[in-house]
Amino acid sequence: RGLDDLKNKILRTPLDPAETFEEDSLRMLRAVRFKHCKNFNLADDVVSGITTSANSIRTTARERITEEFLKILGSSTPDSGITDLHELGLLGYILPELDNYWDMNQKSKYHHLSFSGHTLEVLKKTAEKSKRLELRMAALLHDIAKPTPSGHQEKSPEHWTYIGHDIESAKLASKICSENFKLSKKFTKEVVSLVSNHMIIKPFWNYETKTFTGKDSLVRKVIRKLGDNLQDTMILVDADNSSHHPDFCMIGQVQQFLDKVKCIKVPDYSNPIINGNEAAEILGVKPGPAINTFLELINHWRDENPDLCKNDIIKNVKEKKGFNKKFLEEIEE
C-alpha cells in the first residue's frame, strides 16, 4: 500500500506500530512531525500504537527529543502539533509544565480561554508572523508559571490574579530550555528575554478610548531595554493581547506603540555620553560599583531628554536629580 499511502498522504508503519516504536521510541515524535511538516494523516493503528507506547519516550535522549520537538514547533501548524502531542500522551513526558495543567481554568475576567487554550492561541498567532524558533518557544512558554504557587494569587476560589507571572515564567522557561531541552545559552537567553518582557507595555492602555497611554520617555525606555528584540517582543505582545477575553483585548496597542517609535527622537544608547572614568570625576569618587549605577541613571535621564549632554549631567549631579538614598550611600562608601 506504500504508493497509495503516499498518494493519499497517510502515514503508517511497515511493521506493527508497537513493534516499530519499541525499536525506536523517537519514531512516535517523527510521526507527529511528518504530519505537521509534510501534511500527512496518521493511520488509526499508528495513533493507537503511539498512545499505547507513549511512556517509552522517556528512554530517548533529550537532545533527540528536542530536535524533533523544534521541527514540530517550526511547522506551519505548531499549535495543532502541540495538541497532538498532548492527545497522544507524549507531551506529559516532554513538557509536563504545560501538559499537567492543560485545561486549567484561569479564573480571570481577562481570559475566556483555558491555560492551554490561551497558550496555543498565542503560539498560533505568533507563528503567523514569524518562523523564528526562539519567538515560537517564547510564545509557548510565556505564561508557563501561571499554575505554580509563585505564578498566581488566589483572591478567592473563582478569582485569581497573575501579578509577576511574567518574571516567574521567565525563570521557569530558563530551566525548561536549558535543562529539559538542552538548548544553547544563546537560545535560552533570548527566550527568557521575550518571556520576561511580554507584559512590558500592557499597563499603558486606556480601555475606553482604546489608546496607548505611554509617554515618549516610556517608549524610549522600552526601546533601550529591548534592543534588537524590540520587533519580536512586540509580535509576542500583540499575539497575547489579541488572545484575551474580547472585552479586554488591547487591539491596536502594539501598532500605536510602534507608530510612536517612528516619530519620536531616540538617543543612540550604544554611544555613552561619558565613560566610567569621567563619571568618577564628575561624582568625585573612586571607580567602583556606584559608577555602573550612575551610568544606568544617565540612561534614564536620556529617556526623558534625548538631547542630554555632558553639561546636563554635571548640572543634574549638582542638583542630585534622581538620586535615591541607596545610590547616595553607595557614593559615600
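Hi everyone, let's start with a pair of side chains: Arg224 and Glu296 meet in a salt bridge, at 3.1 Å from N to O. Arg224 sits in helix H13, residues 216–226, and Glu296 in helix H17, residues 289–304, so this contact ties together parts that are 72 residues apart in sequence. Arg224 counts as buried, at 17% relative accessibility, while Glu296 is partly exposed at 36%. Do keep in mind that this is a predicted model.

How many salt bridges does the structure hold? There are 22. Another one joins Asp307 and Lys265, with their closest N and O atoms 2.3 Å apart. Asp307 is in the loop between H17 and helix H18 (310–319), and Lys265 in the loop between helix H15 (253–263) and H16, so here the pair ties together parts 42 residues apart in sequence. Asp307 is partly exposed, with a relative accessible area of 48%.

Some bridges share partners: Asp24, Arg30, Arg33, Arg64 and Glu68 are joined into one network that way. Within it, Arg30 and Asp24 meet at 4.0 Å, N to O. Arg30 is partly exposed at 29%, and Asp24 is buried at 16%.

Now to the surface. Asp16, Glu19, Glu22, Asp44 and Asp45 gather there in a patch of negative charge. Helices H2 (17–23) and H4 (44–53) each supply at least two of its residues, whereas Asp16 comes from the loop between strand E1 (10–11) and H2.

Last, have a look at helix H16, residues 276–283, where Ala279, Ala280 and Leu283 are buried. Down the axis of H16, its buried residues fall within an arc of 100°, so they line one face. The face turned away from that side carries the exposed Asn277 and Glu281.

How values were computed: Residues numbered from 1 in each chain as written. Predicted model: local features only at pLDDT ≥ 70, side-chain atom pairs only at ≥ 80, totals over all residues. Heavy atoms only, no water. Patch = residues over 30% accessible without salt bridge, like charges linked within 9 Å, V, L, I, M, F, W, Y side chains within 5 Å. Areas by Shrake-Rupley, 256 points an atom, 1.4 Å probe, with all protein chains shown as cover. Lys, Arg positive; Asp, Glu negative; His and termini not counted. Charge placed at Lys NZ, Arg CZ, Asp CG, Glu CD. Helix = DSSP H or I, 4+ residues; strand = E, 2+ residues; numbered from the N terminus. Buried < 20%, exposed > 50% of the residue type's maximum accessible area, 1.4 Å probe, protein only. Arc of directions from axis to C-beta.
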